[in-house]
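I opened the model and kept notes as I went. The entries follow in the order of the look-ups.

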Amino acid sequence: MSSFGYLIKEGFKNLFHNRLMTLASLGVLISCLVLTGSAVMLTVNVSNIVDSVGDNNSTKVFLDDNLTELEAVYKGKELKALDNIVDAQFVDKDDAIQAYREQLGEAVFANMTGDDNPLPYSFNVTMDDLSRYDETVNAIKGVSGVASVSSHREVAQKLASLSSFITTMSLWIILALAIISLFIISNTIRMTMFAHRFEISIMKSVGATNAFVRVPFIVEGVIIGLVSAAASVGILYLLSDGVINSVQSILNFRYTRFTEIIWPVAGAFCAAGVLVGALGSAVSISRSLKHEGNEILGW
Amino acid sequence: MKGITMIEFKNVSKVYDSNGVHALDKVSINIQKGEFVFIVGSSGAGKSTFLKLIMREEQPTSGTIVVNGMHLEKMPRRKVPYLRRTMGIVFQDFRLISKMTVYENVAFAMRCVGKKNDVIKKRVPYILELVGLGDKAKDHPSELSGGEQQRVSLARALVNNPALIIADEPTGNIDPEMSYEIIQLLSEINKRGTTVLVVTHEHELVKSFGKRVITIDDGRVVSDSDDERYVAI
Ligand SMILES: Nc1ncnc2c1ncn2[C@@H]1O[C@H](COP(=O)(O)OP(=O)(O)OP(=O)(O)O)[C@@H](O)[C@H]1O
Ligand SMILES: [Mg+2]
């Protein structure tokens with residue numbers, strides 16, 4: 001299939017000749033895919049946080065560091081005596097560190113057992129009526145020996161609304177970028193077809209079907225799509241860990257890493273890239289293949 | 001003796017939409033299988049239009065066209081490639097791909113219709129030998145004379161074993177001796193059973209071969225050496 005190979009090779013050469021257009025196609029499609037991937041990562045992680053923190057309707061109450069275990073356990077009665085509190089579950093320091101360990105992984109906590117345990121005693125408090133959350137938290141803060149009340153639940157709520165806002169925004173931007181990608185790819189392919197109009201006119205005059213003429217140009221569009229998909233996966237792979245680590249220092253949590261979802265994402269990206277590439281080229285091809293002979297050549 | 005019809009035009013008119021030019025006006029022509037026909041006429045007479053209608057590069061404004069048993073005026077676009085596979089087309093300007101060798105240019109026509117490589121490897125050298133270019137297979141078109149380039153173009157037209165060869169001024173870009181050779185070659189091919197249609201300006205050439213000549217002027221057939229209706233003129 002050397003003529004066929006010839007056209008595909010020419011297609012590659014043209015990708016290079018039309019550097020500017022090719023780069024524009026790649027740039028826009030990569031932006032589109034990276035943004036999609038980021039939105040997916042954000043949504044997955046925020047919903048994890050919301051699930052684990054916001055869902056169990058319990059609030060953490062941390063006690064002063066200097067309380068003994070006995071004093072700490074006794075504070076439970078005071079907490080339960082407050083209005084709107086159903087239950088106050090004592091959490092031993094060791095249990096607390098164990099729970100964190102399970103969430104965050106071993107390494108960080110290697111030296112934090114026994115006397116080196118930096119955590120205070122705490123209670124998991126369950127409220128009856130969550131609409132009175134703020135009021136009840138204030139009451140808890142009024143109890144002597146209470147150091148702080150965790151605000152994970154509020155963070156989760158804020159995150160959830162922020163993430164749904166960002167997701168909606170991203171969807172629109174992704175849609176716009178996808179349309180721009182289609183447009184740019186179809187123009188890139190149109191330029192290639194123009195560069196090959198002579199071969200195309202000969203192919204048609206010797207009886208090549210449009211499907212046959214089309215293949216090399218579709219291949220070209222698909223290459224743009226696949227390269228974009230690969231580059232996007234690479235970019236997300238390189239960037240996501242850094243972003244997650246810096247977020248982790250603000251809000252500690254066992255985040256879903258990009259490597260955990262890399263294969264389904266890569267698969268979806270390839271499919272999307274191939275689709276956009278093929279569609280983009282198909283648009284321009286079917287338009288130019290309506291012409292014949294001299295009309296193609298513009299003579 | 002009545003043969004089998006290869007090309008039949010019945011009252012064919014062609015008006016180009018873009019400029020309203022009446023290129024052909026109620027043309028009726030019948031060409032049998034195995035004929036060799038020259039089409040002559042002044043510039044702008046409608047000769048190329050006549051050929052474009054046969055290869056369905058253009059569609060008639062009115063009238064009916066049958067080529068090799070196929071009705072062109074109602075032929076859907078997707079069937080056109082299969083019509084073209086029954087004909088070989090030769091252009092005045094050769095239309096060879098400069099980056100390909102002679103061999104590749106001819107093989108290209110076979111690849112375009114899905115022929116297998118081993119078939120191509122046997123057929124292309126045979127055809128190149130037939131047109132007298134057996135030793136030029138590895139050359140590029142730019143290394144050949146005009147006459148040789150036109151023979152490559154002819155080889156490409158022949159390689160898929162068409163029933164009909166259409167040549168629009170095939171000798172327009174080459175010198176007279178070479179022109180004679182090209183027509184000679186077409187005449188050889190015709191003797192093997194292929195119908196040949198040649199548009200040309202060169203009256204001397206036409207005379208020396210003594211074949212059927214159809215003259216078109218201003219979109220009309222004004223004489224046809226084989227048609228008794230025109231003999232009087
Ligand atoms: N694609 C086209 N669009 C509009 N008009 C056209 C087109 N092709 C040809 N014509 C017109 O139709 C008429 C016949 O043209 P045609 O090319 O058939 O002539 P011809 O006999 O081949 O001339 P020549 O000997 O110069 O090649 C001319 O007036 C020409 O200008
Ligand atoms: Mg002409």
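Is B:Asp25 buried, exposed or partly exposed? I found B:Asp25 partly exposed at 24% relative accessibility, where buried means under 20% relative accessible area, exposed over 50%, and partly exposed in between (1.4 Å probe, protein chains only).

Note on the source: this is a predicted model, in which local features need pLDDT of at least 70 and side-chain atom pairs count only at pLDDT 80 or more, while totals for chains, interfaces and linings use all residues. Residues are numbered from 1 along each chain as its sequence is written, chains are lettered from A and ligands numbered from 1 in the order in which they are written, and side-chain values use heavy atoms, with hydrogens and water left out.

Salt bridges. I searched for a side-chain nitrogen of Lys or Arg within 4 Å of a carboxyl oxygen of Asp or Glu. Strands (E, at least two residues) and helices (H or I, at least four) are DSSP runs, numbered from the N terminus. B:Arg220 is partly exposed, at 47% relative accessibility.

I also noted a bridge between B:Asp93 and B:Arg95 at 3.1 Å, N to O. B:Arg95 is buried at 7% relative accessible area, whereas B:Asp93 is partly exposed at 32%.

Helix H1. I checked residues 47–54 of chain B: 7 of the 8 are buried, so this helix is largely enclosed by the rest of the structure. Just after H1(B), B:Arg56 takes a positive phi of about 55°.

Ligand 1. Of the 15 residues around the ligand, B:Ser43, B:Gly44, B:Lys47, B:Ser48 and B:Thr49 come nearest; a residue is near if one of its heavy atoms lies within 4 Å. A polar side-chain atom of B:Lys47 lies 2.8 Å from a ligand oxygen atom. B:Lys47 is also among the buried residues of H1(B). A backbone N or O atom of B:Gly44 is likewise 2.8 Å from an oxygen atom of ligand 1.

Interface. I counted 23 residues of chain B in contact with 22 of chain A, contact meaning heavy atoms within 4.5 Å.

Technical notes:
Polar contact = N/O pair within 3.5 Å; in protein donor to acceptor, adjacent residues only side chain to side chain.
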